[in-house]
Amino acid sequence: MSGHMLEALTDQMRQAFDHSVEVCLGIDLVNVDDIDRSWTQFGAAFLERIYTLEEVQYALSALHRSDAVKILAARFAAREAAIKAFGLSEAGINWKNLEVSRGMDGHCELRISGRAAELIGPINHCKLSLTHEGSYAAAIVFAVRQKIESHDSPI
Amino acid sequence: VNQTPVERVRKILGEHARLGTNIDELKVNSNLYQAGMSSQASVNVMLALESAFGVEFPDEMLKRSVFESVETITSAIASLGRV
């Protein structure tokens, strides 16, 4: 084996066993009708508590209320998927710290801010996938982040 | 009729938690998530509690454990000075 090949293989192994990063994965499924009921029942209080202004404006730009509800449901699922991925269920964070940002081409990304960003720490890669069909909306969050130092970290 | 805080919390849970069982059959320390409350339903519970008790849960209280049982919810509202 040449020195170059050995170096390449060593580098791959180093990445495979890299203890400095953590793979994070979260998924959530939301009933669209439940989101519709929450919006109907609590109105602006529901929207303002969960979603950023940009997300609400995008949802309200939909031609039909049913489409707006699906947009909101997918974004609720994205928050829950992110909470699962990063282990934030006991963190006590504002839902608006986990926002779905939609590009001009329709590509969606997870935008993390505030205390959530502080707790999650540096992220190397983060991918968000949203879908909705019929009565359900779902989201998956996949991320690779720098592992937060703990006492049991290998030296 | 004057209701106790626990009774008021139970009533709100009965209306908003979408449990798979009757709220009156659950103990004060029964786990509401195990009884069928989804994360989404817990948001409805939180908004209904805020309206009924005139409080606002601060961000640091937006934890799964705070809404885990009648007991933890009542305790959280008490800590906000409204029970």
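Mentor: Let us begin with one pair of side chains, keeping in mind that this is a predicted model. The side chains of B:Arg18 and A:Asp34 meet in a salt bridge, with a distance from N to O of 3.1 Å.

Trainee: Where do B:Arg18 and A:Asp34 lie, and what does the pair join?

Mentor: B:Arg18 is partly exposed because its relative accessibility is 31%, whereas A:Asp34, at 14%, counts as buried. B:Arg18 sits in the loop between helix 1 (5-16) and helix 2 of chain B, and A:Asp34 belongs to helix 2 (residues 32-50) of chain A, so the pair joins two chains.

Trainee: How many salt bridges does the rule find across the interface of chain B and chain A, and which residues form another salt bridge, at 2.6 Å from N to O?

Mentor: Across the interface of chain B and chain A, the count of salt bridges is 2. A crossing between the chains runs from helix 2 of chain A to helix 2 of chain B, and both of its residues are buried. The side chains that meet there, at 2.6 Å from N to O, are those of A:Arg49 and B:Glu50.

Trainee: Is B:Glu50 buried or exposed, and which residues does B:Glu50 contact beyond its neighbours within four places in sequence?

Mentor: The cut-off for buried is under 20% relative accessible area, so B:Glu50, at 12%, counts as buried. If neighbours within four places in sequence are left aside, the residues in contact with B:Glu50 are A:Arg49, B:Val55, B:Glu56 and B:Phe57.

Trainee: How many residues does each chain bring to the contact, and about how much area do chain B and chain A bury between them?

Mentor: Chain B brings 18 residues to the contact and chain A brings 19. The size of an interface is often given as the accessible area lost when the parts come together. For chain B and chain A, with 56% of the buried area on carbon and sulfur atoms, that area is about 1600 Å².

Trainee: How many residue pairs are in polar contact across the interface of chain B and chain A, and which element of chain B gives the most to the side that touches chain A?

Mentor: The rule finds 10 residue pairs in polar contact across this interface, with both residues at pLDDT 80 or more. On the side of chain B that touches chain A, the element that gives the most, with 8 residues, is helix 2 (residues 39-53).

Trainee: Which parts of chain A does the salt bridge of A:Arg145 and A:Glu22 tie together?

Mentor: The side chains of A:Arg145 and A:Glu22 meet at 3.0 Å from N to O. A:Arg145 is buried at 8% relative accessibility, while A:Glu22, at 28%, is partly exposed. The pair ties together parts that are 123 residues apart in sequence, because A:Arg145 lies in strand 5 (residues 136-146) and A:Glu22 in strand 1 (residues 21-31).

Trainee: How many aromatic pairs does a search of the whole structure find, and why is the pair of A:Phe46 and A:Tyr51 edge-to-face?

Mentor: The search finds 2 aromatic pairs over all chains. A:Phe46 is buried at 0% relative accessible area, and A:Tyr51 is buried at 2%. Planes over 60 degrees apart count as edge-to-face; the rings of A:Phe46 and A:Tyr51, with centres 5.8 Å apart, are edge-to-face because their planes lie at 80°.

Technical notes
Residues numbered from 1 in each chain as written. Chains lettered and ligands numbered in written order. Predicted model: local features only at pLDDT ≥ 70, side-chain atom pairs only at ≥ 80, totals over all residues. Heavy atoms only, no water. Contact = heavy atoms within 4.5 Å. Buried area = accessible area lost by both parts, 1.4 Å probe. Salt bridge = Lys/Arg side-chain N within 4 Å of Asp/Glu carboxyl O. Polar contact = N/O pair within 3.5 Å; in protein donor to acceptor, adjacent residues only side chain to side chain. Helix = DSSP H or I, 4+ residues; strand = E, 2+ residues; numbered from the N terminus. Buried < 20%, exposed > 50% of the residue type's maximum accessible area, 1.4 Å probe, protein only. Phe/Tyr/Trp six-rings, centres within 6.5 Å; stacked < 30°, edge-to-face > 60°.
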